[in-house]
Amino acid sequence: MSRQRKTSRSNVILRGLGVARGIAIGPAHIAESGTLDVPTHELAKSAIAGEIERFHAAIAEAGTQIDKLRRKASSLPESAAEELGYLLDAHNHMLEGSRLVRGVDKRIRDDRLNAEAAVSQEVSEIALVFSQMEDSYLAARARDVRDVGQRLLRCLMKTPYQAFTDLPEGSVIVADELTPADTALLDPHKVAGFVTATGGAQDHTGIMARSLGLPAVVGMAELLQQARPGDTVIVDGGAGQIILNPDAQTMSRYQERRAELLRQARKLDRLRNVPAITRDQELVKLQANIDLPNEIDAALSSGAEGIGLFRTEYVFMNRDDLPDEDEQYVQLRSIVEGMEGRPITIRTLDVGNDKLPYSLDEHLGASPNPAMGLRAIRLSLKFQKLLDTQLAAILRAGAHGPVRILLPMISSPQEVREVRDAMRKVVRRLKRRKVAIADPLPPIGAMIEIPGAALAADSLARDCEFFSIGTNDLTMYTLAIDRGDDQVAHLYSPLHPAVLRLIQFTTAAALRARIPINVCGEMAGDERMTALLLGLGIRDLSMTATALPRVKQRIRSLDLNEATKRTQAIMDQSDPGMVAVLLDDFNALA
Ligand code: PEP
Ligand code: MG
């Protein structure tokens with residue numbers, strides 16, 4: 001059974017997980033039907049069975065998503081939980097052998113339509129019938145059918161909401177889900193911020209929001225029930241809440257806060273050219289993480305001394321074909337040249353889990369547990385051509401400026417050795433082609449983001465020329481908490497003593513082996529953590545450019561000697577809560 005939506009009320013506050021700080025105010029753009037460009041083509045007779053299977057796999061995935069939303073709904077206040085529960089039941093019902101499913105099956109079988117076109121046509125037909133009904137309750141079901149159709153299309157196309165191009169400027173995007181690939185397409189000049197019904201504390205959608213400087217809140221189950229197109233939305237990314245249709249008083253309060261945040265940002269801008277040095281004269285290197293080549297300007301204007309992490313996987317997203325060596329080279333070269341002699345750390349393809357470019361669909365396959373499956377370096381080593389192509393592009397880009405090669409999800413020295421072997425062959429091939437390459441060859445380093453790699457850091461250091469600690473995944477795997485799951489987001493904390501000990505152990509191993517080490521996980525960009533990371537021996541931090549000035553300010557305000565003493569006290573703790581208390585107390589002294 002479904003319900004009609006409530007009419008908009010004033011000052012409706014909804015809470016979720018704040019993943020990117022800042023205040024955005026703008027009209028809601030509800031990302032829904034019509035935004036997808038649905039492909040239509042005729043199937044060969046032999047392809048019909050496979051297409052029906054693909055459609056049913058999409059139904060299963062949509063069902064899993066609805067179950068997830070239902071579990072979330074149970075934590076809402078009673079009336080909202082009930083309302084949403086009815087809606088989700090109705091949606092689920094439509095996925096279980098309903099007219100919709102039968103109709104789509106028939107269109108695939110009899111009309112030889114591809115699944116996307118079959119869903120789209122069937123949904124339009126059913127929705128039209130409902131919307132023409134006199135009974136307002138039944139008429140409202142047209143919307144449910146469209147919602148379910150939209151969910152199925154997203155599962156089939158693995159390309160949710162692409163068309164964010166013709167929005168009114170300053171819109172706030174309101175969506176069920178935004179994948180990292182969708183977020184990469186947002187233009188911060190057009191979009192003021194976004195809010196989603198699903199999403200976790202530390203997934204790549206949030207990371208992308210911070211890179212783009214877009215205030216964002218995720219994991220708000222009742223969002224699509226409450227928000228309507230054109231509603232005025234205030235997104236308070238810091239507090240993790242939104243306000244729909246604020247009254248005049250609330251609006252002016254938030255406008256003032258937004259202006260104040262801008263003033264603070266301008267003040268921090270002045271730190272761009274001053275060194276990141278502690279009060280007792282210890283220099284810290286601050287670099288930027290980038291996901292897209294066009295973030296170079298932001299990196300430079302934040303005062304970054306280099307790119308500590310370039311996530312190459314975004315080059316593979318939002319496209320059907322794979323980028324070839326020349327395309328990758330041209331892109332990397334533009335980054336290397338753009339950074340004007342500053343070092344660039346290029347990470348090889350780190351796909352899998354929440355980063356699933358459909359250009360790599362055939363390589364990735366299905367996995368019972370994508371976070372632990374064939375992903376990152378494992379995928380590159382299995383499909384050697386992917387690795388060779390990337391290595392060739394990196395080596396060629398390295399002829400134009402200093403680059404390093406960073407390997408994601410390393411779990412054993414053998415994987416590093418295999419990459420070295422591959423690199424040797426690629427070097428020989430490029431030399432035969434008489435192509436200019438990096439000289440000397442780029443250092444090869446490992447992401448330390450699997451607990452086993454941290455615990456074996458001593459032996460791994462023999463095969464690596466540097467380490468980079470990925471605290472996002474290290475926290476996830478150490479604590480067995482999915483970084484993208486909003487239900488356990490409250491348990492996700494890099495301040496857990498187990499995570500801190502792994503960081504400490506890895507740092508000590510790198511110092512003993514005399515190889516450089518940095519932290520490039522999100523912890524590096526959180527100024528609340530800075531004293532602790534320095535106290536653990538880290539002197540190189542890489543973070544999203546928007547966070548860099550705040551971290552620099554924190555470094556300039558602290559005394560390393562004091563920070564080290566406080567870190568020692570923190571490392572004696574066994575309770576994450578106590579760690580946070582000791583850290584907050586130290587930060588408050590600044
Ligand atoms: C990490 O895991 O900490 C990291 C920096 O890599 P990513 O966030 O891309 O997984
Ligand atoms: Mg990682």
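Predicted model: local features only at pLDDT ≥ 70, side-chain atom pairs only at ≥ 80, totals over all residues.

Author: Residues are numbered from 1 along each chain as its sequence is written, chains are lettered from A and ligands numbered from 1 in the order in which they are written, and side-chain values use heavy atoms, with hydrogens and water left out.

Helices here are DSSP runs of H or I with at least four residues, strands are runs of E with at least two, and both are numbered from the N terminus. Arg429 is partly exposed, since its relative accessible area is 30%; buried means under 20%, exposed over 50%, and partly exposed in between, with a 1.4 Å probe and protein chains only. Once neighbours within four places in sequence are set aside, Arg429 is in contact with Glu325, Asp388 and Ala392, contact meaning heavy atoms within 4.5 Å. Ala392 is 37 residues from Arg429 along the chain, and their C-alpha atoms are separated by 9.0 Å.

Thr183 is buried, because its relative accessible area is 0%. Not counting residues up to four places away in sequence, Thr183 touches Leu178, Phe194, Thr205, Met208, Ala209 and Leu212.

The cysteines can be treated briefly. The structure holds 0 disulfides, a disulfide being a pair of cysteine sulfur atoms within 2.5 Å. Cys464 takes part in no disulfide, and the nearest cysteine sulfur, that of Cys520, is 14 Å away. Cys464 is buried, with a relative accessible area of 4%. Cys155 is buried as well, with a relative accessible area of 4%.

These sites sit within a chain of 23 helices and 16 strands. Of its 590 residues, 57% count as buried. Among contacts with a separation of 6 or more, 71% are accounted for by residues 24 or more positions apart. The C-alpha trace spans about 75 × 65 × 40 Å along its principal axes. The radius of gyration of the chain is 25 Å, which agrees with the value near 25 Å for a compact globule of 590 residues; the radius is taken over C-alpha atoms, and the globule rule is 2.2 Å times the number of residues to the power 0.38.
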